[in-house]
2 protein chains.
Amino acid sequence: MTPAPVFERLTVIGCGLIGSSVVRAARESGAVSHITVADANQTVLDRVTALGIADAALPDLAAAVSDADLVIFATPVLAMGEVMAAIAPHLKPGAVISDVGSVKGSVSEAMQTAAPAGVHIIPGHPIAGTEQSGPDAGFAELFQGRWTILTPLASRTDDAYAQAVAQLSRFWRALGAQVEQMDERHHDLVLAVTSHLPHLIAYNIVGTAADLEEVTQAEVMKYSAGGFRDFTRIAASDPTMWRDIFVANREAVLEILGRFTEDLQALSRAIRWGEADKLHELFTRTREIRRGVIALGQESAEPNFGRDRGKH
Amino acid sequence: MTPAPVFERLTVIGCGLIGSSVVRAARESGAVSHITVADANQTVLDRVTALGIADAALPDLAAAVSDADLVIFATPVLAMGEVMAAIAPHLKPGAVISDVGSVKGSVSEAMQTAAPAGVHIIPGHPIAGTEQSGPDAGFAELFQGRWTILTPLASRTDDAYAQAVAQLSRFWRALGAQVEQMDERHHDLVLAVTSHLPHLIAYNIVGTAADLEEVTQAEVMKYSAGGFRDFTRIAASDPTMWRDIFVANREAVLEILGRFTEDLQALSRAIRWGEADKLHELFTRTREIRRGVIALGQESAEPNFGRDRGKH
């Protein structure tokens, strides 16, 4: 028994890992009746057509959105204001406009600035992903058991908007996600901690290792099983997507990076002075957090990471 | 057809993740005829007996090593000098003494200081592991396709020693590892990059996240799928083992940490000034290194990480 669709027509703009996962999950769940993909890159459109995951794949944004009940932006975050400007004149009144970007404050502002009246902008962010990119990397199960955070506009207190938020929440739940609402500034700070700083650190450490004179790059790769390998996986994420995230969430990232650096200096000092007890105390404390992550189920089915292991 | 054993009697001192994996792999491969485990912790000995992975499990170091042809230290690195002092009077002449510690320079020195004449000290390090600890966490396949680095003593140029090194290399190959020889100082620098710094950074970031006032610990755990989760796994590694590593390899760790911090400051500056091209260039470069790791096969079968996913 298939439940009734949550939205009739969905248009996803940008069909990389996340976009194509939304498309696949929306189709498999029956959350929508019709799916259009729009992408500026003809190679991506050709892959979408070949994969047969959407009903239509178009290069023209105006044509792609004109009938859509739900439009989801899945482009790098700095492109979202421009995309909104391009589609604004063509949107259906009452359409719900959302996105999957990892930064919400600046993106929300850019979308609002360019939006027409009569649509419902509801910024969103599914906390899920792998280090892979492109339409072939997506899979329908990506959002299962993961959290999607919505950051509804504080300025919109009308009933129609509240209904649109409820409808978008049902959509994400149909895709397998758990849905939470959050203030956009708070979202950006939380994600700076749980995602942006970890990526920044991984990019940095892999870069440092590559530039050493005393240790060759071949050695670094050969002996990566000691821990470094996990960093290389994170640091293999899409460069354009991450460049945009750091620029768009600069303030929160620098704030958290400042704390991290302070702590690292203290840790460095403890090593220099051989303060074994201090080290042991920190290392014991961090273990507890791991237990918390496992207890909350955020270390669980993750098809792509699982698939990746042992295949290459 | 089982090949002839490489050593007759093996004694492993300390039976945690690595020690018990050596024991399991040595038995399954037929690399030795008889296995004794020694551990100061009676609970560990009881588990070893219950698991039936060794022929004998003893609390008494003297009794455990007196007949051994190969003795492998698998304790935290700072304990190794003391262990050597305790067993020195009881070692068989010609016995091969090795270890699995992640630091070689200071460990080698401590072992040599306490060693009797007539034995062959060959420090060693299998580059393999998981974040789990204890005798139940080990598995026979841990070393398959991984590298074991031996750092033979430069002072020993005699034939008997060279033969002992060749024999120990055969032992590790029988356990599935690839074997490489390296100068101990170079080993410590390479490992500072590929293992010690990644662990230090992971411990630090998880600690930073735990101490934030604006973001709760519950939020950090809940939204950890964005990248943070991988750091919590690394930061769940055994606290005593890692405390010892940072104290024992202080010099190389601080050297590499200095480079990392410099690079991080430059990256931080690029974010502050919105230097998008610089960010994109780094993020593209680090992706290449990931490809190298995959090409070298160091991202492959890793039973425990695989098993861990989706089970808790």
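The questions and answers below concern a predicted model and the reasons behind some of the terms used for it.

Q: Why is Lys278(A) called partly exposed?
A: Lys278(A), which lies in helix H12 of chain A, has 16 other C-beta atoms within 10 Å. A residue counts as buried at 20 or more and as exposed at 12 or fewer. The value of 16 falls in between, so Lys278(A) is partly exposed.

Q: How far apart are Lys278(A) and Ala266(A) in sequence and in space?
A: Twelve residues separate Lys278(A) and Ala266(A) in sequence, and their C-alpha atoms are 9.9 Å apart.

Q: What makes helix H10 (residues 239-248) of chain B mostly covered?
A: Nine of the ten residues of H10(B) are buried. Among them are Trp242(B), Ile245(B) and Phe246(B). A buried residue has 20 or more other C-beta atoms within 10 Å of its own.

Q: Which helices do the buried residues of H10(B) pack against?
A: From chain A there are helix H11 (250-272) and helix H12 (276-295). From chain B there are helix H5 (105-114), helix H7 (184-211) and helix H11 (250-272).

Q: How do you know that the buried residues of helix H4 of chain A line one face of the helix?
A: The residues concerned are Met80(A), Val83(A), Met84(A) and Ile87(A), in a helix that covers residues 80-87. Seen down the axis of H4(A), they fall within an arc of 100°, so they line one face. An α-helix has 3.6 residues a turn, so residues three or four places apart point the same way.

Q: What do the buried residues of H4(A) pack against?
A: Their partners in chain A are strands E1 (7-13), E4 (70-73) and E5 (96-99), together with helices H3 (61-65) and H5 (105-114).

Q: Which way do the residues of E5(A) point, and are they buried or exposed?
A: Val96(A) and Ser98(A) point one way, Ile97(A) and Asp99(A) point the other way, and all are buried.

Q: What makes E4(A) and E5(A) a pair of strands?
A: Pairing needs at least two bridges. Four bridges join E4(A) to E5(A), so the two strands pair, and they run parallel. Leu70(A) stands opposite Val96(A) in E5(A).

Q: Why are E3 and E6 of chain B called edge strands?
A: The open sheet of six strands in chain B has the order E3-E2-E1-E4-E5-E6, with parallel pairing. Strand E3 (56-58) and strand E6 (120-121) each pair on one side only.

Q: How many bridges join strand E5 of chain B to E6(B)?
A: Two bridges join them. The cut-off is at least two, so E5(B) and E6(B) count as paired. Val96(B) stands opposite His120(B) in E6(B).

Q: How many residues do the two domains of chain A bring into contact with each other?
A: Domain 1 (7-182) and domain 2 (186-273) make up the division of chain A. 15 residues of domain 1 are in contact with 17 residues of domain 2. H5(A) gives the most to the side of domain 1, with three residues.

Q: How many residues does each chain give to the contact between chains A and B?
A: Chain A gives 87 residues and chain B gives 88. Helix H7 of chain A gives the most to its side, with 19 residues. The side of chain A divides into 47 nonpolar, 22 polar and 18 charged residues.

Q: Which residues touch the most other members of the largest nonpolar core?
A: Leu197(A) and Leu197(B) do, in a core of 215 residues. Leu197(B) touches residues including Ile205(A), Val253(B) and Phe260(B).

How values were computed
Residues numbered from 1 in each chain as written. Chains lettered and ligands numbered in written order. Predicted model: local features only at pLDDT ≥ 70, side-chain atom pairs only at ≥ 80, totals over all residues. Contact = placed C-beta atoms within 7 Å. Arc of directions from axis to C-beta. Domains from an automatic or database assignment. Nonpolar A, V, L, I, M, F, W, Y, C, P; charged D, E, K, R; others polar. Core = buried A, V, L, I, M, F, W, Y, C linked by C-beta atoms within 7 Å.
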